[in-house]
Amino acid sequence: MSILIFSLLLLAGSMLAGFLGSLTGLGGGVILTPLLTLVFHVDIRYAIGCSLIASIATSSGAAVAYVREGITNMRLGMFLEIATTCGAVAGAILAIYTPTHLVAIIFGFILVFSSIMSMRRHVEPAYPGHESKLAIALKLNSQYPTKEGIISYNVSNVAGGFVMMGFAGVLSGLLGIGSGALKVLAMDLIMKIPFKVSTTTSNFMIGVTASASAVVYFQRGYIDAGLSMPVVLGVLAGAFIGSHVLIRTGGKWIKLVFNFIILFMAIEMIYNGLKGNI
Amino acid sequence: MKNLFSKLTDSSIQSLIGYILRIGVLLSSGIVLFGGLIYLSRHGYSLADYKVFHDESARYADISKLVPAALSFHGRDIMQLGLIVLIATPIARVLFSALGFLLEKDYLYVGICLLVLAIIGFSMLNYIAG
């Protein structure tokens, strides 16, 4: 296949990934690596490098709106970025020494986990909630605007959330994903933060986390410019369209279809990893 | 009154950060697109080969060599430069947050921002990547 045709197909595929990722809130990165390895037969090291770069683009693009609306908890994000960047550097170094088929298998399991996380029903606890000393010392408790007015909330179990974020960072560096599902889990279930705040703050953190591992990937030659070009442009365009369509469509049906695609790709990744094809 | 003042500065940091992120993404995708068009016009009909991983780690380890290379209109190098701008965007965001917190006299968070920058700086050391 010529580079021109290959790039155009990749552009179309990445647009679709970015579009679905933004519609469902899962992020396009999560299906980019399976798309590149399973459909386009790209070496998984190039694929994770590429997907990592794409996650920086989409998270930065989406963060603009949320930060301006004042939903993102910037202090919480900054504080937890200590954990995620440490984890991300460790994960990126780990990626260099991990056999590629093992990376594929771990990736498959994380896909399944992300899919389950996105399907789960969300129950919001009562706010402001429990006051923790550490959260007060770090000025993490905050408020955010909703339709019903401004809601104040407290952040619980700061240490537990911090550790979980470090783990999310390792996976992000190892697999080249934003690992948004894990970040939301840490903030939602452990730190008891409102859903809207945890998703936007997690998105805010993805860019810095990914940059930390991207620096290592870059030096190792994982990030190929010719391959990343159509992917970055496609994902950005797709995410942009997706974020403007969201208001009109119901989204529930699309989410279900997207989750089926993810589960199918997860099984393929694990199967190919076990067989040593990747 | 003090509380009101700190809220005001918080929201101005927020709009500054939003601005930096937007500029970074637009600038990098513009450079990548420009380089991509040159790259495709020159190499579009070559064979695509990403099935096998080639270790080209040495090629771009030195950023100072990349800028002159990109200026001589090599599509690949221009795209590579655009990707570096993209990677640098969130890092610039942290740097400007540090400045914002400094203006707010929130020294705890100035320290936290600098710590995050130090971790990223550590990952830039060449020997880390082996």
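## A left-handed helix crossing

In this predicted model, helices α3 and α9 of chain A cross in a left-handed way; left-handed means that the near helix is turned anticlockwise from the far one by less than a right angle. Helices here are DSSP runs of H or I with at least four residues, strands are E runs of at least two, and both are numbered from the N terminus. The axes of α3 (residues 44–69) and α9 (residues 195–220) come within 8 Å and cross at roughly 150°. Those axes are lines fitted to C-alpha atoms over the stretch in contact, with angles from 0 to 180 degrees between N-to-C directions.

Which residues meet? Among them are A:Gly49, A:Ser59 and A:Tyr66 in α3, and A:Phe204, A:Gly207 and A:Tyr217 in α9. Contact means C-beta atoms, placed from the backbone, within 7 Å. The residues of this contact divide into twelve nonpolar, nine polar and no charged.

## Chain A as a whole

Chain A has eleven helices and two strands. Of the contacts in chain A with a separation of 6 or more, 82% link residues 24 or more positions apart.

## Meeting chain B

Now to the partner chain: 53 residues of chain A are in contact with 55 residues of chain B. Helices α1, α3, α4, α9 and α10 of chain A each supply at least two residues of the side that touches chain B.

## Reading the numbers

Residues are numbered from 1 along each chain as its sequence is written, and chains are lettered from A and ligands numbered from 1 in the order in which they are written. Local features need pLDDT of at least 70 and side-chain atom pairs count only at pLDDT 80 or more, while totals for chains, interfaces and linings use all residues.

Methods: Two residues are in contact if their C-beta atoms, placed from the backbone, lie within 7 Å. Ala, Val, Leu, Ile, Met, Phe, Trp, Tyr, Cys and Pro count as nonpolar, Asp, Glu, Lys and Arg as charged, and the others, Gly among them, as polar.
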